[in-house]
Amino acid sequence: MFRVHSKNVAALTLGWLLYLAGQRSCVGEHLTKMKLFLFITHLMHRFTFEQPEDSPPITIKGTNGITNIPQPYEIKVTDRR
Ligand code: HEM
């Protein structure tokens with residue numbers, strides 16, 4: 001396992017920060033990334049995600065906290081079967 005030597009945390013991307021937030025790196029990083037990939041692709045395969053008509057536009061601007069929290073949004077999910 002390798003450690004983060006940089007003290008400039010802002011220079012690290014969010015992807016790195018997630019798993020390297022502490023003194024040690026995460027043993028489960030690859031397992032978690034594979035599971036997230038399967039989970040998200042399964043949802044995309046099974047459902048259609050679209051913005052309902054007349055709903056306010058979705059923004060990718062988040063609210064900064066410990067994590068970057070998405071703004072509230074409306075989404076229409078339809079079963080593809
Ligand atoms: C989204 C999910 C996960 C995130 C964000 C995450 C994040 C982290 C972070 C930041 C650390 C370092 C903690 C520190 O230095 O104090 C860590 C350590 C660790 N993680 Fe994860 N983790 C996740 C999932 C998992 C999973 C699924 C497993 C096991 C299957 C796992 C096993 C471990 C182990 C064993 C350590 C300690 C490594 C060591 O001490 O050398 N993690 N994780």
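To begin with, in what order do the elements of the protein run from the N terminus on?

Author: The order is α-α-β-β-β-β from the N terminus on, with 2 helices and 4 strands in total. Helices here are DSSP runs of H or I with at least four residues, strands are runs of E with at least two, and both are numbered from the N terminus. Residue numbers start from 1 along each chain, following the sequence as written. The model is predicted, so local features need a pLDDT of at least 70 and side-chain atom pairs count only at pLDDT 80 or more, while totals for chains, interfaces and linings use all residues.

Now the ligand. The shell around it has 12 residues, of which Gly22, Arg24, Cys26, Val27 and Gly28 come nearest; a residue belongs there if its C-beta atom, placed from the backbone, lies within 6 Å of the molecule. Helix H1 (14–20) and helix H2 (29–46) are the elements that give two or more residues to this shell. By class, the shell holds 7 nonpolar, 4 polar and 1 charged residues. In this scheme Ala, Val, Leu, Ile, Met, Phe, Trp, Tyr, Cys and Pro are nonpolar, Asp, Glu, Lys and Arg are charged, and the others, Gly among them, are polar.

The two helices call for separate remarks. H1 has the lowest confidence in the protein, with a mean pLDDT of 67, whereas strand E4 (residues 76–79) has the highest, at 97; pLDDT is the predictor's confidence in each residue, from 0 to 100. Where pLDDT is low, the predicted coordinates should not be read in detail. The average over the protein is 83, and 79% of the residues score at least 70.

H2 is hardly covered, with 0 buried residues among its 18. Buried means 20 or more other C-beta atoms within 10 Å of a residue's own, exposed means 12 or fewer, and partly exposed lies in between, with C-beta atoms placed from the backbone.

The strands give the context. Val77 is found in strand E4 and is exposed, with 11 other C-beta atoms within 10 Å. Beyond its neighbours within four places in sequence, Val77 is in contact with Phe47 and Phe49, contact being C-beta atoms, placed from the backbone, within 7 Å. The C-alpha atoms of Val77 and Glu50 are 6.6 Å apart, although 27 residues separate the pair along the chain. Ile69 sits in strand E3 (residues 68–70) and touches Gly62 and Thr63, leaving out residues up to four places away in sequence.

Methods. Contact = placed C-beta atoms within 7 Å.
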